[in-house]
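Subject: A structure for you to look at

Hi there,

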Amino acid sequence: ADMKSRIIGREGRNIRTFTQITGVDLLVDESDERVTLSSFDPIRRERARLVLLNLMADGRIHPGRIEELWHSSESMLDEAAHEAGKQATNRVGVAIPSDDVLTQLGRLQFRVSMNQNVFNHSVEVAQLCSMIAGELGLDTRTATLAGLLHDIGKAIPDANKTHALAGADFLESNGFVPEVVNAVAAHHREVAATSPYAHLVIAADALSASRPGARQEKPGRFSERLESLEEIAMGFQGVDRAFALQAGRELRVFVRPEEMNDEACQRLAHQIARVLRQRQTNSKPMRVTVVREAHFSESVG
């Protein structure tokens, strides 16, 4: 009970600060010893989980400490992702010298596609590719790398490219052989396959995704809708960051105070709401909240 009250803070200031900084709803259940983190973005949610764990371990729970831990949480997440990437390469028996590639591979553990964990799916595709390549007399290491890394573009989303093409460009810039790069780019048939390894990945990807119980129907559309809300808000001048909260019932928009006065903030809320009314097809009620904050500090001595 004491920890719960410290997490909430005086008049709820810690919870408000936590949500404003992380973009993740922090829900404290008064009926039991449970705290829930709610966000459609798995990376953001994992970073918020790390912040909360460190706050509880440290014992100093106040707005300044929350902000400090949020800034350091990305490096903590990358360390955990890098270790997960190394574990994946050990499981499939290949080595990847690039720390950046290992980190992005490990970040896939926080993503799902139709309720199938992308990290586990990638390991499974790598294992299938290796087995098929062995039967066909192809190079099993090339096949395994292509299968393991075929969805790495999902860890580095690019608004101008599909995950297959973004992943291929990323691997090419990290010195991977053309057979691996093409297999990743072609695994959804967006470009022509130039080697048998692309066909291996296409087949193994389909096998992993279509086996009984592997996937469920399209929950990803919900996340896509919330992502689009944030993208719409970020397109307006003066916006610093935007978070879709409470399962899409609120869009909270933070502006740069030096660029926006109170009247401009009021106009911005109206403009964003008007655009959302024009673009949204559902009738679910939603609130647009524009926040303008200014912090001032002065050193003494």
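Predicted model: local features only at pLDDT ≥ 70, side-chain atom pairs only at ≥ 80, totals over all residues.

Residues are numbered from 1 along each chain as its sequence is written, and side-chain values use heavy atoms, with hydrogens and water left out.

**The sheet**

Three strands form an open sheet in the order β5-β6-β7, with mixed pairing. Strands (E, at least two residues) and helices (H or I, at least four) are DSSP runs numbered from the N terminus, and two strands pair if DSSP finds at least two bridges between them. At the edges are β5 (239–245) and β7 (287–292), each pairing on one side only. From one strand to the next the twist averages 20°.

β5 pairs with β6 (residues 250–255) in the antiparallel sense, over 6 bridges. Within this part, L245 stands opposite E250 in β6.

Two helices go with the sheet. Helix α2 (residues 13–22) packs on it, touching β5 and β6, and its direction makes about 115° with that of β5. Helix α12 (residues 262–279) lies across β5, β6 and β7 and runs at about 155° to β7. Contact here means heavy atoms within 4.5 Å; axes are lines fitted to C-alpha atoms, for helices over the stretch in contact, with angles from 0 to 180 degrees between N-to-C directions.

**Rings and charges**

The structure holds 1 aromatic pair. The ring centres of F243 and F254 are 6.0 Å apart and their planes are at 65°, so the pair is edge-to-face (Phe, Tyr and Trp rings, the six-membered one for Trp, pair with centres within 6.5 Å; planes under 30 degrees apart are stacked, over 60 edge-to-face, the rest tilted). F243 is in strand β5 and F254 in strand β6, 11 residues apart. Both F243 and F254 are buried (under 20% relative accessible area; exposed is over 50%, partly exposed in between, with a 1.4 Å probe and protein chains only).

The charged end of R241 sits over the ring of F254, 4.2 Å from its centre (NZ of Lys or CZ of Arg within 6 Å of the ring centre and within 35 degrees of the ring normal).

**One more arginine**

R252, in strand β6, is buried, with a relative accessible area of 15%.

Enjoy exploring!
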